[in-house]
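Please read it beside the model.

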2 protein chains.
Amino acid sequence: MKKTNARERLLGTAADLFTERGYGAVGINEIIAKSETAKASFYHHFPSKENLCLTWLEETHARSDTRHDAILNEPGDAEEKVIHYFASLKEWMKTKDFRGCPFTNTVSSLDKASPPISEQIELHKLSIRDFFSALAREMAPAGSASRRLGTTFFLLYSGATTEAQNLRSNWPIDAAVESVRHLISASKEASAKA
Amino acid sequence: MKKTNARERLLGTAADLFTERGYGAVGINEIIAKSETAKASFYHHFPSKENLCLTWLEETHARSDTRHDAILNEPGDAEEKVIHYFASLKEWMKTKDFRGCPFTNTVSSLDKASPPISEQIELHKLSIRDFFSALAREMAPAGSASRRLGTTFFLLYSGATTEAQNLRSNWPIDAAVESVRHLISASKEASAKA
DNA sequence: GACGAACCATACAGACTTGTCTGTTGGGTT
DNA sequence: AACCCAACAGACAAGTCTGTATGGTTCGTC
């Protein structure tokens, strides 16, 4: 039943609990209890709760990053890729009971500022923006217009995630998809006119 | 020095501390100490910390709502009103040290679900969307297009707030304004063509 | 077979949390 | 004068939190 590795068990249950209720609302006592691990083992692998959080965010970011690379290298239309990305966000929200972005939630829930965590969050957010920018560049190669388009996708994605969490509903994501669709077709018309 | 009313003092310092560090990271001991109030007086006016939070959100929402009404009844161009609203968000972020929406932050920082607080947050968010929808209706009276436009403004506003907090910078808000400007001019062209 | 790493259980320190309780002070009203 | 009520101070309960310390067990490798 137990995974053999105590470190993996700790990270796994910490990931579950942090995404479920947020960094601030979960104590290490609960983490070690749910992962069936001794407290001494926890402090053997992690110097502090904050470092556990950092490690969790790093691993989450790494997974997200390789997924973005895979999507970009995949064959297929950039427009479809963007729409599909929003669709998978809907799935995520449904399975995670409408808790939004782990990174954003961690920022809100941090009691005191922690430079390494803040840096990791910035890194992650900028990489998401870059992902959308790459897709935008693919579908509207004209310079300044595609730059704005990518950032607009990014902001719509962030807003949709935030408000789906606040309103405990997926309609903001559907609305964001509608906006994205409209933006794409409008940009096509503009480039056809030029 | 002290305001005469203990209740007002408590609400004021609670508002400051909650917006500064979030609901979860602030205890009532700190609130009563900073407001120079006895603990017994606190529990005389508020049944619990959670109720204090609810009251704070209610008052914040009420202020926001009357401000929206004032803006809508003001003379002036709807387009300028939207842009100006984003500009005042930039001011807010600067003075509040890049802490984002109090309502969104409270959702992330809540340890356990609280129905009255969740309802208050939904109410507030829907009222912001309605505000943007009213402005969109003013500048593009065509039915379905203005509906989408208002929701797009709302999502861009939310995303800009969230990411300005995450990245501790105002560039997401500037980018959102650029997107809004582009959307408005595109919608003008579309209605001119029809 | 010996060494060391990883793991286990458990007790503890010290500071923190929300909320309760007792008792006092002082101004305003009846 | 009697009463009410807001506000005060401060101790207390019962529990939480992170992190440390002690000591014992299992297991792979030299």
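Contact here means heavy atoms within 4.5 Å.

1. The model is predicted: local features need pLDDT of at least 70, side-chain atom pairs count only at pLDDT 80 or more, and totals for chains, interfaces and linings use all residues. Residues are numbered from 1 along each chain as its sequence is written, chains are lettered from A and ligands numbered from 1 in the order in which they are written, and side-chain values use heavy atoms, with hydrogens and water left out.

2. Start with the two protein chains. Chain A brings 41 residues to the contact, and chain B brings 41 residues.

3. Four salt bridges link chain B and chain A. A salt bridge is a side-chain nitrogen of Lys or Arg within 4 Å of a carboxyl oxygen of Asp or Glu. One of them pairs A:Glu163 with B:Lys125, with the closest N and O atoms 3.3 Å apart.

4. Next, the DNA. There are 20 residues around DNA strand D, counted as near if a heavy atom lies within 4 Å of the strand. Those that come nearest are A:Ile28, A:Asn29, A:Lys39, B:His44 and B:His45. Sugar and phosphate make up 56% of the DNA strand D atoms that come within 4 Å of the protein.

5. Which part of DNA strand D does a polar side-chain atom of A:Lys39 approach? A base oxygen, at 2.6 Å. B:Ser41 instead has a polar side-chain atom 3.0 Å from a phosphate oxygen. An N or O atom in the side chain of B:His44 is 2.9 Å from a phosphate oxygen.

Terms used. Polar contact = N/O pair within 3.5 Å; in protein donor to acceptor, adjacent residues only side chain to side chain.
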